[in-house]
Amino acid sequence: MEIMIRESLKKKPVSKYPFIIGFAESGIVPSALFHQLLREQGVHAGWICSTRRPSNGIRFRETHSHGPDHILPLPHRQPTELWFVDDEITTGQTLLNIALYLCRITDVRRVRFFSIADTRSFSHEDQFRRILEDHEIIHSVHTLTQQRQRNGNRNTKSLLEESYQENRM
């Protein structure tokens, strides 16, 4: 997790009040770790996670999940950027929909996406990027592992392996 934060901060410094968002259940622990790591660096980040329990907030569906119905509480403070943290980006559609909605209602134009694995196809990745750019949202995606389907074979690229190789040199 710390590797992804370092890589992200190399590209763009953290803004005044980033808001970290995790999705139940698999995004809760990674997003909590991100929140803790930023707090240790003196960054005053907010943190929320979606829930499947009745509460106030944004209702959305993650159709490929075993528990598709989510509610995401709204931030209590005006964020300066949004950080979405989850275990996997499958197609990116759920992240994209929530990001667009939150950017619209909070008037935020900076978003970072973090995941352990990114399994989007090249077309899903391109569509994701184009839609965010069309809405003038500055964004970045940071993953530990990318897996792509190409000609029926999986192509895996590991950020951990790349970082380890860079540190050995």
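Predicted model: local features only at pLDDT ≥ 70, side-chain atom pairs only at ≥ 80, totals over all residues.
Trainee: What is the phi of D107?

Mentor: Most residues other than glycine have a negative phi. D107 is not a glycine, yet its phi is positive. The value is near 60°.

Trainee: Which loop holds E136, and is E136 buried or exposed?

Mentor: E136 is found in the loop between α4 (122–134) and β7 (138–150). E136 also has a positive phi of about 55°, although it is not a glycine. With a relative accessible area of 64%, E136 is exposed.

Trainee: How are the axes of α1 and α2 oriented at their crossing?

Mentor: Two packed helices are described by the angle between their axes and the distance between the axes. The axes of α1 (residues 2–11) and α2 (residues 28–40) come within 10 Å and cross at roughly 60°. That angle makes α1 oblique to α2. The handedness of this crossing is right-handed.

Trainee: Which residues of α2 are met by α1, and how many residues of each class form the contact?

Mentor: From α1, the residues involved are E2, M4 and I5. Their partners in α2 are F34, L37 and L38. By class, the contact has 5 nonpolar, no polar and 1 charged residues.

Note on methods: Residues numbered from 1 in each chain as written. Heavy atoms only, no water. Axes fitted to C-alpha atoms, helices over the stretch in contact; angles between N-to-C directions. Helix = DSSP H or I, 4+ residues; strand = E, 2+ residues; numbered from the N terminus. Parallel < 35°, antiparallel > 145°, perpendicular 65-115°, else oblique. Left-handed = near helix turned anticlockwise from the far one by under 90°. Contact = heavy atoms within 4.5 Å. Nonpolar A, V, L, I, M, F, W, Y, C, P; charged D, E, K, R; others polar. Buried < 20%, exposed > 50% of the residue type's maximum accessible area, 1.4 Å probe, protein only.
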